[in-house]
4 protein chains.
Amino acid sequence: MKGLVYDGPDQIAYEDQPDPQLRDDTDIIMRISLSTICGTDAHIIKGGVPTVRPGTILGHEATGVVEEVGASVKNVEVGDRILATCVSACGYCRFCTSGMYGQCLTGGWILGNTINGVQAEYARIPYARNSVYAIPDSLTDEQVLFLTDILATGYEVGVLAGKVSPGDTVVIVGAGPVGLSAALTAQLFSPRNIVVVERTAARRRFALEMGATHAVAEDEAHELVESLTDGLGADVTIEAVGFPDAFELTADLVRSGGHIANIGVHEGPATLHLEKLWAKQITLTTGIPSGLTIPQLMHSVSTGALDATPMITHRMALSEMESGYDTFLRAGETGAVKVVLSA
Amino acid sequence: MKGLVYDGPDQIAYEDQPDPQLRDDTDIIMRISLSTICGTDAHIIKGGVPTVRPGTILGHEATGVVEEVGASVKNVEVGDRILATCVSACGYCRFCTSGMYGQCLTGGWILGNTINGVQAEYARIPYARNSVYAIPDSLTDEQVLFLTDILATGYEVGVLAGKVSPGDTVVIVGAGPVGLSAALTAQLFSPRNIVVVERTAARRRFALEMGATHAVAEDEAHELVESLTDGLGADVTIEAVGFPDAFELTADLVRSGGHIANIGVHEGPATLHLEKLWAKQITLTTGIPSGLTIPQLMHSVSTGALDATPMITHRMALSEMESGYDTFLRAGETGAVKVVLSA
Amino acid sequence: MKGLVYDGPDQIAYEDQPDPQLRDDTDIIMRISLSTICGTDAHIIKGGVPTVRPGTILGHEATGVVEEVGASVKNVEVGDRILATCVSACGYCRFCTSGMYGQCLTGGWILGNTINGVQAEYARIPYARNSVYAIPDSLTDEQVLFLTDILATGYEVGVLAGKVSPGDTVVIVGAGPVGLSAALTAQLFSPRNIVVVERTAARRRFALEMGATHAVAEDEAHELVESLTDGLGADVTIEAVGFPDAFELTADLVRSGGHIANIGVHEGPATLHLEKLWAKQITLTTGIPSGLTIPQLMHSVSTGALDATPMITHRMALSEMESGYDTFLRAGETGAVKVVLSA
Amino acid sequence: MKGLVYDGPDQIAYEDQPDPQLRDDTDIIMRISLSTICGTDAHIIKGGVPTVRPGTILGHEATGVVEEVGASVKNVEVGDRILATCVSACGYCRFCTSGMYGQCLTGGWILGNTINGVQAEYARIPYARNSVYAIPDSLTDEQVLFLTDILATGYEVGVLAGKVSPGDTVVIVGAGPVGLSAALTAQLFSPRNIVVVERTAARRRFALEMGATHAVAEDEAHELVESLTDGLGADVTIEAVGFPDAFELTADLVRSGGHIANIGVHEGPATLHLEKLWAKQITLTTGIPSGLTIPQLMHSVSTGALDATPMITHRMALSEMESGYDTFLRAGETGAVKVVLSA
């Protein structure tokens, strides 16, 4: 089969690879129908994620069809249409039994990281019991593809951890795929204002199309949030960039008693202004998703309450994967949000 | 009457002051029976709390007797023995109605800060309805004095915000009065280990007497916590110092999925290592107490489950207030934890 | 002034009454602009609420203008447009400080019950600080009138207590004003299905107009809920009738691990089938609202996410109050949902 | 091997049975070291649990040693000392992934119910990954035996579901093994009062030895609880009997805003006095345990905070199982609380 292999910084190739084989009886083999490229993949190919060794097939977001099942897999059968979540969960360690699949002692985010991933024709998915979900007949693969990572991340790590509630003013810093996913899924809780703070004008326009009520550049954020909140600050602020200045902005825009939810992948530290925050009764959270909300979100997709397909700006064949990366990495020029590759 | 007046950096005097008068019908006038000195007062007299203007009577921790009540005060009567919490709460702003008295839009921590405090013979207590509690006949003033601030702070901002649970390993960085209060009140939830990290040997010994299961210096903390937690880290870490390195230590010692509760009063920023924490699913909280747990904690005092009186290392007369400050500020030599001044 | 006086079972009259006077400094006097009739009022005039003594002015839902304020009222001023919540809260008893205003030791639901109410030209509102809210200029009195009781009840006691979540299947038994309010406010959480169970065909049609996804008679409820939930039962069931059979239906339709929220006012006991429920891990809640969500719900009204005005089926003058009651009590013929009376 | 077989109402025999075999790769075979008899077993042998068919080996509480492991079991190895929880959890159904192992779609309480149990020399334990725990070397089998059911039940379904908190007044109706387990584990949260209501004088005395602060007969309960709570009622009431009158007593003794936690196994309905409760803002919960708190409780056992071994009133050999049942069923005469049978 073919897969997109990382061969060291700035070296990727869609090339022949051995077909994946079952190793554990909790594995399945999945034939990929749709795969997509994540901002994290961009970090990886710049060499920014040291756990990824050269020779690894990338990718942690895919739908497909079950090709083989390990002996102890009972939740899906050969031939089922499924999605595989970006996180692999053993289901029985202290973290999995607390619902923290992202912290699984032997799993977590390993697909396309410490083991081969899903930007390929086939993939081995470990811990399938707790990590794959059947797709209902009424939904297409495209409708559920982003549940595998960005929607679950925006929802669990942003909206739920931040405790977005009806009537709230929510600020989301960053209108990349994950920030947009937070903006989309925040709407499930009917906040009053969804303010997206984003550098790029095109992304701001797109955020408004996706349901943000306001979209501004960084330098306009303070004034806007003050005017919307009687000067108190936002109920919830969500960091979806991964840079220190973006984090500090979210910490600055939150009201007393509010929540800061960090989603961004950070490569370095940020400054925490405890001299301003120590008494403010704020709650700050970090994390990666468990995917445990995917069945619930699938209901919201089926009712039309959640539709992330407008984020698909480019559709290509799996065989055009290298071109897909190029399009995604030059998002400033191509306008790419999500590039979807199909078998 | 006499009161302890802050006259600018390093200038305090226990001197004649006008008797306090009722201003609002929600005020009471309280005759002080016991008052005590807080670490925050030490910040103030060094000039570290700019909201405190010269001429202010300090102090935000006291018991006493109701001398006069404003027309709309219904919860206490003249002659009642009471404690006054360090936080004054209007009871009806958006923060008070959410239980966040520390964020009260017109109150919060104002006693001995923006208005005259309780290191005096008499004091005006605003918003008495939501800010003073009658002391049951069965309890002495000394038994409840520390509920006014340090116990409520350690409990609400440390133990409850940190979600200490039975069987947990809890780390408390700093064995000053507030850290010790966290160690004491944590015991109400039967954690397995209470590890106090503290520079001073005498304070470490004292922490063990107060119920800590381990007390170590900073450089021993990592190894101890690892050995107690199978290398995972502590379930809850509590910062009770107010310095960046102490904060960073608490952030370093927490396990995936754990809680960091900041209690310390910080004068500057700290470094938040998001490159380590972004995926760890941690929760970080800050705050000041509401005092809303005081009735509950009074129950615990009455059953003997909570006894903070061993923290009283020095007892003096109110008239010896200046000497009390001297004793408290030279804690390294005097061994002072809490200095209590009585009428 | 004139007010609607209960003079014993089945005897009401809109008649001359003394003008209300300030008694406590926490009172206000309010000139009524809009008042409305509640299902509870129907209980009262049948003699079903023994706490209401003959001679009492009824009514606990009104908007109006502040005419006089007690000395300690700071949150509103003479001339302000306000709504008065159905529950009066002292703001400092153990229940008020826990956010349970309905359980206030000296307040709770007293308006139009143990003291004169708001179906009158003027009314005294006790504990105004915690019981009235200013209406923003951008909203009309009609838009916020139902926040005073039915929307707050449906939302707090039904939707929030039942923990309605995105993707859920919610069953509401009873499409009276409170059941419809639950159906309306449940939509703020984007459930997948809102099933209204109701005897009357006209009310079922109306429930669908108000956003229910399904509306059926009792005998169709089981089959529908099973088909919607793979036979598991509803995530949340809400009782909004107040009769034993309706309660038992809600208990029967809930899934394992689900929530039953009772809103209905019951005059007698119901049977709890513990032989079916003991192991099912259900949560059952009861209550009356605090009104603490009113500011939040007002935001939802202002964005258009919440519009209860279609429930106004009849508009009359305050002076036509007796006719208003007649219309409301003969709802089967008149189709009345809410009858609104204006000054 | 030998096992205790239910052969229809009032017919049990400890007799030869085929050795258990692995069936699924998630099974283990366990050699029993200690087993014990539960109140539920008493229901069964009276024919009160229709799911138990004649020919079934009873028992759902045991410690032992792993004899064989299915291919996909990774959490324990042959030779490990373990305890098996009373509930078998697949770990991946919608209930297991919500932490509700008792509601597992293909498991739940099946041991000694729909499949053979652990009152035998050997037993097959299904879904071992999520249902058995290794016993640390520092703890004896006796110290952890009751974690398999009664302690987990009292703690999860009583204390945690009821939200017992420091300073609370807790009422537990019934001082059988589960009621006593609730009384024991409630102490982990430092309540002020633990009132046990129990018919039998010997059990009341024992409850006091186990840490209850008060133990009274039914007819004394109201007066005591009123006197302890200023007439408000208990913060938490726990039903640990399984009869309607006991349930109604718990519902009667709870305060406004309080929690009623039902643990009792009920064979028929109870009356719920909604005419008293509809407005009281109570929360009522039911359930069976997940066992997910067992690791946490094991910590509490290891620190000495939790010691249930005094409940062992009788120790016998496994071969004396029939005599053990006789002793347990005649508890009134024998004083039996828990009868422990060892290999």
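Student: How many positive and how many negative side chains does chain A have, and how far apart do the centres of the two sets lie?

Tutor: This is a predicted model, in which local features need pLDDT of at least 70 and side-chain atom pairs count only at pLDDT 80 or more, while totals for chains, interfaces and linings use all residues. Residues are numbered from 1 along each chain as its sequence is written, and side-chain values use heavy atoms, with hydrogens and water left out. Lys and Arg count as positive and Asp and Glu as negative, without His and the chain ends, and each charge is placed at NZ of Lys, CZ of Arg, CG of Asp or CD of Glu. On that basis chain A has 22 positive and 41 negative side chains, and the separation of the two centres is 3 Å.

Student: What share of the residues in chain A is buried?

Tutor: Buried means under 20% relative accessible area, computed with a 1.4 Å probe and protein chains only. Of the 343 residues in chain A, the buried share is 64%.

Student: Which domains does the assignment give for chain A, and how far apart are their centres?

Tutor: The bounds come from an automatic or database domain assignment, which gives domain 1 of chain A as 2-149 + 290-342 and domain 2 as 152-285. Their contact, meaning heavy atoms within 4.5 Å, takes 22 residues from domain 1 of chain A and 16 residues from domain 2 of chain A. Taken over C-alpha atoms, the distance between the two domain centres is 27 Å.

Student: Among contacts in chain A between residues at least 6 apart in sequence, what percentage joins residues at least 24 apart?

Tutor: Counting contacts in chain A between residues at least 6 apart in sequence, the part that joins residues at least 24 apart is 69%.

Methods:
Chains lettered and ligands numbered in written order. Buried < 20%, exposed > 50% of the residue type's maximum accessible area, 1.4 Å probe, protein only.
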